[in-house]
Amino acid sequence: MLIVPVFLVLGLVIFYPLAMNLRLSLSDADLLRLRQAPQFVGLANYVKTLSDPVFWASLATTLIITVSAVFIQIVLGTATALLIDRQPRRFQFFLASILFLPYVLPTVAIAMMWKWMLNETYGIVNQVFLTSGIIEQPISWLGNPSLAVLSVILIEVWARFPFVMVIVLASLTSIPEQLYEAAKLDGASWRQLILHITLPWLKFVLIIVASIRFLWTFNHLELIWVLTKGGPSKATTTLPILVFTRGFLGYDLSRAAALSFIMLVILMSIVMPRIQKANVV
Amino acid sequence: MNKISYSILNYFGLSLIFVFVFLPICWLMISSVTPPAELFSGTIRLLPSRLTLEHYFNLTKARPILSSFFNSLKVAGFTSGLSLLISIFACFGFRSFTFWGKKTLWSLILFSYLFPGVLIIIPLYFLMFSLRLLNTHSGLVLAHSSFVLPLAVYLLSSFFRTIPVEIGDAALTDGCSKMGTLFRITIPLSLPGFLTVGLFGFILSWNNYLFAMILLNRSSKYTLPLLIAQAIQPDQIFWGDLLTLSVVTCLPVIVIFVFINRHFVKGLTAGALK
């Protein structure tokens, strides 16, 4: 009885919409004709989506942004955790919880703070580079297609690496001290300790964290939408952006639903097995 | 290399990371109190010549900042309160009772926790349309529950796990009912946990832009993230408003963060590594 309310709410806002999404994707629902009952059209929306070059281009964009952002987050997060782990124990937690701040800030505000710093004319990044003579012309960070992708990756790393850091740090502090002491007695160097004790110990946690970050970065719509709206010239149009623009600006709810379902299938086949193997779920 | 140069390198690395993390946040704060003339002069100035609240005054005149602030407060408050209440019962149920399908149901909670909301924005819009909840805060509270509630259950269960089962057992032998242990033992012992979970749920809902963007289109209903995004128009960006609005939206989060981050980081890692 006690657990009924939680499943009522989750059923209404997650599981029922998931089922509804499948039904919508097989029909011809339109944002401008919400009151009419949608007609069943079979797999037409899926055929249209999969034969659309825009879909494949934005799948590639999504993968490029997600894989690079997650990779850098893992490297930076692990490196930070390793640095913190070498501090006296009573500072460790303090340092980690301060550095966690970006993770809880509103994404929209994060996007704005970076949009301001990267602004072509007034932004501090260009001003510093210009004054120090590294560049001669101001760079349009969010106006150039490949630089925009790079900026999105940078901001995604800034905002989310703390998540990797705290989880890796917690795992680091659970390594038994005796392992290190035994290795040190055998004359192992600091590098050997990291390579042969720390990283193998972390492997398990890193796989889980990387999978979770992959899942959430792949589906992160807010940041890119506020920064670039998917531009310039569709360079940062990831799949979530495509779902949103198709559904709410292009009025084609059914094709957007089909697209969401394809994303779900991609994610379930890539990420879920890894998370499940790690026994988290 | 000797020990000393290692620790110098170590401090150097950590300082670099601190600069990387805090420079953007500080720059946002500083810019928001810089006089407009200096803000748009195009020359580097690490600190403004004088501090001004001009942008903030302009903001209160130009945009419905107060009503948006209260909208955000209302939505985030209701979302976290509702989620906390439901998750207290759910966590107690999962911890104290054995029932058929317990494992499967628990995996459904974890699935919901990991589930990215963007995959259901289309059907959710339909659902809110047919429930006549478009453009209402109740609809937004429901939508926000889809990600706040699973996290609340997840975090709270890691708090409940720290309460020894023996205390409950002792109360049961003394004649307390199972529900009695909830009100007499579990709830009093997890009050700090409730605060953490409630405040974190509040932050999550406060920060969310995605669902508000889809479900609300009347500006009197706007929450703060929507108001920020609205300051970017295709033909003009209102930088002064953007900077100050971002600061106003971040400040409550930073205050709460300073207050609970110890507990939160602990709860998150305990849950993730159980």
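Let me start with a pair of side chains. A:Arg246 and A:Asp52 are both buried, where buried means under 20% relative accessible area, exposed over 50%, and partly exposed in between, with a 1.4 Å probe and protein chains only. Before going on, the conventions: this is a predicted model, where local features need pLDDT of at least 70, side-chain atom pairs count only at pLDDT 80 or more, and totals for chains, interfaces and linings use all residues. Residues are numbered from 1 along each chain as its sequence is written, chains are lettered from A and ligands numbered from 1 in the order in which they are written, and side-chain values use heavy atoms, leaving out hydrogens and water.

Back to the pair. A:Arg246 and A:Asp52 form a salt bridge, with 2.6 Å between the closest N and O atoms; the term stands for a side-chain nitrogen of Lys or Arg within 4 Å of a carboxyl oxygen of Asp or Glu. The two residues are 194 apart: A:Arg246 sits in helix H12 (residues 239-249) of chain A, and A:Asp52 in the loop between helix H2 (44-50) and helix H3 (53-85). Helices and strands here are DSSP runs numbered from the N terminus, H or I of at least four residues for helices and E of at least two for strands.

A:Arg255 belongs to helix H13 (residues 253-277) of chain A, 203 residues away from A:Asp52. A:Arg255 has a relative accessible area of 16% and is therefore buried. A:Asp52 counts as buried because its relative accessibility is 12%.

Chain B has a salt bridge between B:Arg63 and B:Asp241, at 2.7 Å from N to O. B:Arg63 lies in the loop between helix H3 (54-62) and H4 of chain B, and B:Asp241 in helix H13 (residues 239-273), so the pair ties together parts 178 residues apart in sequence. B:Arg63 is buried because its relative accessibility is 13%, and B:Asp241 is buried because its value is 9%. Shared partners join A:Asp52, A:Arg246 and A:Arg255 into one network. Over all chains the count is 3 salt bridges.

Chain A has 13 helices and 0 strands, and chain B has 13 helices and 0 strands. The C-alpha trace of chain A spans about 75 × 65 × 35 Å along its principal axes; for chain B the spans are about 75 × 70 × 30 Å. Buried residues make up 57% of the 281 residues of chain A and 55% of the 274 residues in chain B.

Two helices of chain B are worth a look. In helix H6 (residues 121-130) of chain B, 8 of the 10 residues are buried, among them B:Pro123, B:Tyr125 and B:Phe126. After H6(B) comes B:Arg132, with a positive phi near 60°. Helix H9 (residues 178-189) of chain B buries B:Gly180, B:Thr181, B:Leu182, B:Ile185 and B:Thr186. The cover over these residues of H9(B) includes helix H4 (65-96), helix H7 (137-160) and helix H8 (165-173) of chain B.

Last, the contact between the chains. How many residues does each chain put into the contact? Chain A gives 89 and chain B gives 91, with contact meaning heavy atoms within 4.5 Å. Chain A and chain B bury about 8,500 Å² between them, 85% of it on carbon and sulfur atoms; buried area is the accessible area (1.4 Å probe) that two parts lose on being put together, summed over both. A:Leu2, A:Phe93 and A:Trp116 supply 9% of the area that chain A buries against chain B, more than any other three residues. Helix H1 (residues 4-25) of chain A gives the most to that side of chain A, with 15 residues. Between chain A and chain B there are 0 salt bridges. That is where I will stop.
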